[in-house]
Amino acid sequence: MEKEKEKELLSLIHLYVSYFVFNVSAFMIVPVIIDVTMSAICPGQLHCSLAIYLSAFQQAVIGLGTLVMMPLIGNLSDKYGRKALLTLPVTLTIIPLAILAYDRSRNYFYAYYVLRTLTGMICEGSVHCLALAYVADNVPEARRASAFGVLSGIGSCAFVCGTLSARFLSTSSTFQVATFVAIVAAIYMRIYLPDSIIDDSLYVPIISNGKIVKTISDEEPIEKIPVIKPLPSLEDMMALLKSSLTFSQAAIVAFFSILADSGLHASMMYYLKARFHYNKDQFADLMVITGIAGTISQLLLMPTLAPVIGEERLLAIGLLFSCVHMFLYGFAWSAWVPYVAAMFSILYVFAQPCLRSIVSKQVGSCEQGKAQGFISGICSLANVVSPLIFSPLTALFLSEKAPFNFPGFSIVCIGFAALIAFIQSSLIRSAPPISRYGASIFAEA
């Protein structure tokens, strides 16, 4: 038993390190990319509708691609292991970073834009999805909410380190360092991260006829066990959605919460740049506040509160304060108000890890990849819809053609989407978790 615990802890440590280093690279460019985009497309301007529309188009295309890819990647990871599928997004992420590390002129920016869009269809969210499935493989249900909180806390810590690095690096150095860190993440993961296998007696060759071979012993016969199809059909997805009321409610919450988060992500920095003339350094300061508050919350508060008040209540609390901080951004009357709004991340960061923990308890251990992939697919659908709604609204109300003077109107509308997620989350009631060895919904006959 002690050896199993040590093996579990070692696996999670290597996952956490890989996840941290990868996210440092990803978050390092976030404060910088708006200035790079504006300089390449609309040099010398504070407001550029073309930049907003290009970002919205990219986000929609990436969301459409991940809508298909997330369930597929999650499903394949159940069959071939988490590490094999993690390798793909971690490696592909390096390519667009390397382009801007070399040059950030207009032609190179468009090359980055195209490759970032194509690779994002595979990479966006897949590392987080597979990391969640990896944690679920290795952590018992009773401790899973805390483990998911720790994973999110490590992501927040990476967010702080990445944005803080961007605060003190030049634009060119930021992309060069981000590329190097991404390469380190890929190498570390391939060398040190052990694959996540639920049952060591089950193995599937990468080219197989869809059967898992379970070896009992040298004397006993080999038993063929049906496995999951690589790409779930629409019927499979509907079966999973209907498998429990809690799961279907969680899917609705996931859609509206990501609809709001994605809209805020796509619009907020353009809004702050036009409204208060924010630059790279101020964006970084804002993100550092958000990241530090989120890290403290997820690493210290959430592991303490989750067992006491339950994931369902924590989810509702997180979404309530998500609404509040979005409304503060929308109604901001001075440049310091967004900094106050950012501090609310100490509470709204509860939402996503609690939601994922609730989902993980509704399926058996052999379906964690599918369940997390399905929820990630729902989130991807929200990522498609969100920029189509909110980015044109942002561009309109930041322009001279706005029907009335309210630059933050689109941000307030985003807050109402988060409010819908909060109302739905308040209806979720705890349900008994599915057995660790529960039957597969998608198992073939």
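**Exercise 1. How many cavities of 30 Å³ or more does the structure hold? Describe the second largest cavity.**

Solution. The model is predicted: local features need pLDDT of at least 70, side-chain atom pairs count only at pLDDT 80 or more, and totals for chains, interfaces and linings use all residues. Residues are numbered from 1 along each chain as its sequence is written, and side-chain values use heavy atoms, without hydrogens and water.

Step 1. Count. The structure holds two cavities of 30 Å³ or more. A cavity is a set of points, on a 1 Å grid over the protein atoms alone, where a 1.4 Å probe fits but cannot get out. Points are joined across faces, edges and corners, and the volume is the space filled by probe spheres set on them.

Step 2. Take the second largest cavity. Its volume is about 60 Å³.

Step 3. List the lining (residues with an atom within 4 Å of a point). It consists of L15, S18, Y19, F22, L86, V90, V127, A131, A185 and M189. Two or more of these residues come from each of α1 (2-28), α4 (82-92), α7 (126-138) and α9 (171-192). Helices here are DSSP runs of H or I with at least four residues, numbered from the N terminus. α1 gives the most, four residues.

Step 4. Sort by class. Nine lining residues are nonpolar, one is polar and none is charged. Ala, Val, Leu, Ile, Met, Phe, Trp, Tyr, Cys and Pro count as nonpolar, Asp, Glu, Lys and Arg as charged, and the others, Gly among them, as polar.

**Exercise 2. Is T290 buried or exposed? Place its side chain.**

Solution. 

Step 1. Locate T290. It is found in helix α12 (residues 280-309).

Step 2. Check accessibility. T290 counts as buried because its relative accessibility is 18%; buried means under 20% relative accessible area, exposed over 50%, partly exposed in between (1.4 Å probe, protein chains only).

Step 3. Find the partner. The T290 side chain reaches the backbone oxygen of L286 at 3.1 Å.

Step 4. Not counting residues up to four places away in sequence, T290 touches F159, A342, S345 and Y348.

**Exercise 3. Which residues does L272 contact, leaving aside neighbours within four places in sequence? Examine H277.**

Solution. 

Step 1. L272 is in contact with H277, Y278, F283, L286 and P338, beyond those neighbours.

Step 2. Locate H277. It lies in the loop between α11 (245-276) and α12.

Step 3. H277 is not a glycine, yet its phi is positive, about 60 degrees. Most residues other than glycine have a negative phi.

Definitions and conventions. Polar contact = N/O pair within 3.5 Å; in protein donor to acceptor, adjacent residues only side chain to side chain. Contact = heavy atoms within 4.5 Å. 1 Å grid on protein atoms, 1.4 Å probe; cavity = no way out; pocket = protein on both sides within 12 Å on 5 of 7 lines; lining within 4 Å.
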